[in-house]
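Look at the sequence and the structure together, and keep both in view while reading. The text below goes from the chain as a whole to single residues.

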Amino acid sequence: MSILGDRMRVARKKKGFTQDNVAKLLKTTYQTISNYERGIRDPDTDTLNKFAYICGVSLDWLLGLPNCP
């Protein structure tokens, strides 16, 4: 697993979203969100920015810089 994927999962769950909820908001599939969280794929910068906004976390935190959102 990757730091990005782990933190995406944490942020999503903290907001009470399912992978399907996030996928619909980002106009993608739940499989894509699952691949991001498992570290199989990395989101592009636009998608990552939208994800951070939806989940209320900073890009720095998602990328593993500080320890708290």
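Threonine 28 is placed in the loop between α2 and α3. The model in view is a predicted one. Is threonine 28 buried, partly exposed or exposed? Its relative accessibility is 29%. Buried means under 20% and exposed means over 50%, so threonine 28 counts as partly exposed.

What does threonine 28 touch, once its neighbours within four places in sequence are left aside? The residues in contact with threonine 28 are then Ala23 and Ile33. There is also a polar contact of 3.3 Å between the side chains of threonine 28 and threonine 32. Further along the chain, threonine 47 is 19 residues away from threonine 28, and the C-alpha atoms of the two are separated by 9.7 Å.

The loop between α2 (19-26) and α3 also holds lysine 27. This lysine has a positive phi of about 60 degrees, although lysine 27 is not a glycine. Lysine 27 counts as exposed, because its relative accessibility is 76% and the cut-off for exposed is over 50%.

Now step back to the chain. How many helices and how many strands does the secondary structure contain? The chain has five helices and zero strands. Read from the N terminus, the order of elements is α-α-α-α-α.

The overall dimensions come next. Along the principal axes, the C-alpha atoms fill a box of roughly 30 × 20 × 20 Å. A compact globule of 69 residues would have a radius of gyration near 11 Å, and the chain has 11 Å, so the two agree. Of the 69 residues in the chain, 36% are buried. The chain exposes about 4400 Å², and 52% of this area is supplied by carbon and sulfur atoms.

Contacts show how parts of the sequence come together. Take the contacts between residues at least 6 apart in sequence: 57% of them join residues at least 24 apart. The chain has 11 positive and 7 negative charges, and their mean positions are 6 Å apart.

Helix α3 covers residues 30-37, and glutamate 37 lies in it. Is glutamate 37 buried or exposed? Its relative accessible area is 0%, which is under the 20% cut-off, so glutamate 37 is buried. The side chain of glutamate 37 is joined to that of arginine 12 by a polar contact of 2.6 Å.

Asparagine 35 also lies in helix α3. With 18% relative accessibility, asparagine 35 counts as buried, because buried means under 20%. When neighbours within four places in sequence are left aside, asparagine 35 is in contact with Ile40 and Arg41.

Isoleucine 40, one of these contacts of asparagine 35, sits in the loop between α3 and α4 (45-55). Its relative accessible area is 54%, so isoleucine 40 is exposed. Which distance separates isoleucine 40 from glycine 5? In sequence they are 35 residues apart, and in space their C-alpha atoms are 8.8 Å apart.

Aspartate 6 counts as partly exposed, because its relative accessibility is 32%. Along the chain, aspartate 6 and leucine 62 are 56 residues apart, while their C-alpha atoms are separated by 8.6 Å.

Notes
Residues are numbered from 1 along each chain as its sequence is written. This is a predicted model: local features need pLDDT of at least 70, side-chain atom pairs count only at pLDDT 80 or more; totals for chains, interfaces and linings use all residues. Side-chain values use heavy atoms; hydrogens and water are left out. Helices (H or I, at least four residues) and strands (E, at least two) are DSSP runs, numbered from the N terminus. Buried means under 20% relative accessible area, exposed over 50%, partly exposed in between (1.4 Å probe, protein chains only). A polar contact is a pair of N or O atoms within 3.5 Å; within protein, one must be able to donate a hydrogen and the other to accept it, and residues adjacent in sequence count only if both atoms are side-chain atoms. The radius of gyration is taken over C-alpha atoms; the globule rule is 2.2 Å times the number of residues to the power 0.38. Contact means heavy atoms within 4.5 Å. Accessible areas come from the Shrake-Rupley method with a 1.4 Å probe; for residues, only the protein chains shown count as cover. Lys and Arg count as positive and Asp and Glu as negative; His and the chain ends are not counted. The place of a charge is taken as NZ of Lys, CZ of Arg, CG of Asp or CD of Glu.
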